[in-house]
Amino acid sequence: MKKIAILTLMLGLLAGCGTGRAASALPEEMPADFEIRYENWIDADAINIYDTGEKLLQKDLVDPDGQRIAQAELIVSDETKQDIYAKVRACALDQLGDGKLTSENLTIDGTQVGVSPLREYEITFTANGTTYTVTGDSTAQSYIRQNGRAAQFWEFMQYMEELYHNSPGYQSLPEAVGGYD
């Protein structure tokens, strides 16, 4: 019996990997007022945007001497919006708004990570009349194994990046001209 208890305890620890993932308090069914705005940028003057409320898709063209951004109408199916909401719940974004998810705030031993170029992220969403904002940067990726909040944040970032880049609006926009060092 002791062996079973110890095995169960070990499996539980392995399943959670000690990351302390938060659970969402959002309702299972998507509220009628659900909208989301996902932003990321390296240059704050040229933000990439995926906004279901404004129906806006914006792309950084990385062209300091020419057109900085391009925009397209964002068309999101009900199914895609439901999928985004399900991911918001799965990653418990409603529980991640306390403090910017950065190396400075995620480190437990004082050791910080630097990333260049540094990409910033901001997610703002509304559900049931409440607006939530989650912010962080690309240094959070370095903490996904030891910090549940970082893991949930980064999982959502990856999901939105794929959705953003695969959207028809993004495909219709011009190619970026350069890159960041």
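Tutor: We take the labels one by one and set each value against its cut-off. One caution: this is a predicted model.

Student: What makes up the fold, and in what pattern?

Tutor: The protein has five helices and six strands. Along the sequence they follow α-β-β-β-β-α-α-β-β-α-α. Of its 181 residues, 41% count as buried.

Student: What does Lys87 touch?

Tutor: Lys87 touches Glu155, Phe156 and Tyr159, leaving aside residues up to four places away in sequence. A contact here means heavy atoms within 4.5 Å.

Student: How far is Gly179 from Pro117?

Tutor: Their C-alpha atoms are separated by 9.8 Å, and the two residues are 62 apart along the chain.

Student: What makes the peptide bond at Pro117 worth a remark?

Tutor: Most peptide bonds are trans. The bond joining Ser116 and Pro117 is cis, with omega about 0°. Pro117 lies in the loop between helix 3 (103-106) and strand 5 (120-127).

Student: What is noted about the phi of Lys55?

Tutor: Most residues other than glycine have a negative phi. Lys55 is not a glycine, yet has a positive phi of about 55°. Its place is the loop between strand 2 (48-51) and strand 3 (56-60).

Student: How does Ala92 read on phi and on burial?

Tutor: Ala92 has a positive phi of about 50° and is not a glycine either. Its relative accessible area is 0%. Buried is under 20%, so Ala92 is buried. Ala92 sits in the loop between helix 2 (78-90) and helix 3.

Student: Where else is a positive phi found?

Tutor: Asn128 takes a positive phi near 55°. Asn128 belongs to the hairpin of strand 5 and strand 6, which has two residues between the strands.

Student: How do you know that strand 5 and strand 6 pair?

Tutor: Pairing needs at least two bridges. Strand 5 and strand 6 have eight, in the antiparallel sense, so they pair. As one example, Tyr121 has Gly136 in strand 6 as its bridge partner.

Student: How do you know that strand 1 and strand 5 pair?

Tutor: The cut-off is at least two bridges. Strand 1 and strand 5 are joined by seven, again antiparallel, so they pass. Ile36 stands opposite Phe125 in strand 5.

Student: And how many bridges join strand 3 to strand 4?

Tutor: Five bridges join them, and the two strands run antiparallel. With at least two needed, they count as a pair. Lys59 has Ala70 in strand 4 as its bridge partner.

Student: What is the order of the whole sheet, and why is it called open?

Tutor: Six strands form the open sheet in the order 4-3-2-1-5-6, with antiparallel pairing. Its edge strands are strand 4 (69-73) and strand 6 (130-137), each pairing on one side only. Neighbouring strands are turned by 10° against each other on average, direction ignored.

Student: Which helices lie across the sheet strands?

Tutor: Helix 2 lies across strand 1 (35-41), strand 2 and strand 5, at about 70° to strand 1. Helix 4 lies across strand 1, strand 2, strand 3, strand 5 and strand 6, at about 90° to strand 5.

Student: What lines the largest pocket?

Tutor: The lining includes Tyr50, Glu73, Thr80 and Leu163. Helix 4 (148-166) and helix 5 (168-172) each supply at least two lining residues. The volume of the pocket is about 170 Å³.

Student: What makes a residue count as lining?

Tutor: A lining residue has an atom within 4 Å of a pocket point. Pro168 and Gly169 are among those listed. By class, the lining has six nonpolar, five polar and one charged residues.

Methods. Residues numbered from 1 in each chain as written. Predicted model: local features only at pLDDT ≥ 70, side-chain atom pairs only at ≥ 80, totals over all residues. Heavy atoms only, no water. 1 Å grid on protein atoms, 1.4 Å probe; cavity = no way out; pocket = protein on both sides within 12 Å on 5 of 7 lines; lining within 4 Å. Points joined across faces, edges and corners; volume = space filled by probe spheres on them. Helix = DSSP H or I, 4+ residues; strand = E, 2+ residues; numbered from the N terminus. Nonpolar A, V, L, I, M, F, W, Y, C, P; charged D, E, K, R; others polar. Buried < 20%, exposed > 50% of the residue type's maximum accessible area, 1.4 Å probe, protein only. Axes fitted to C-alpha atoms, helices over the stretch in contact; angles between N-to-C directions.
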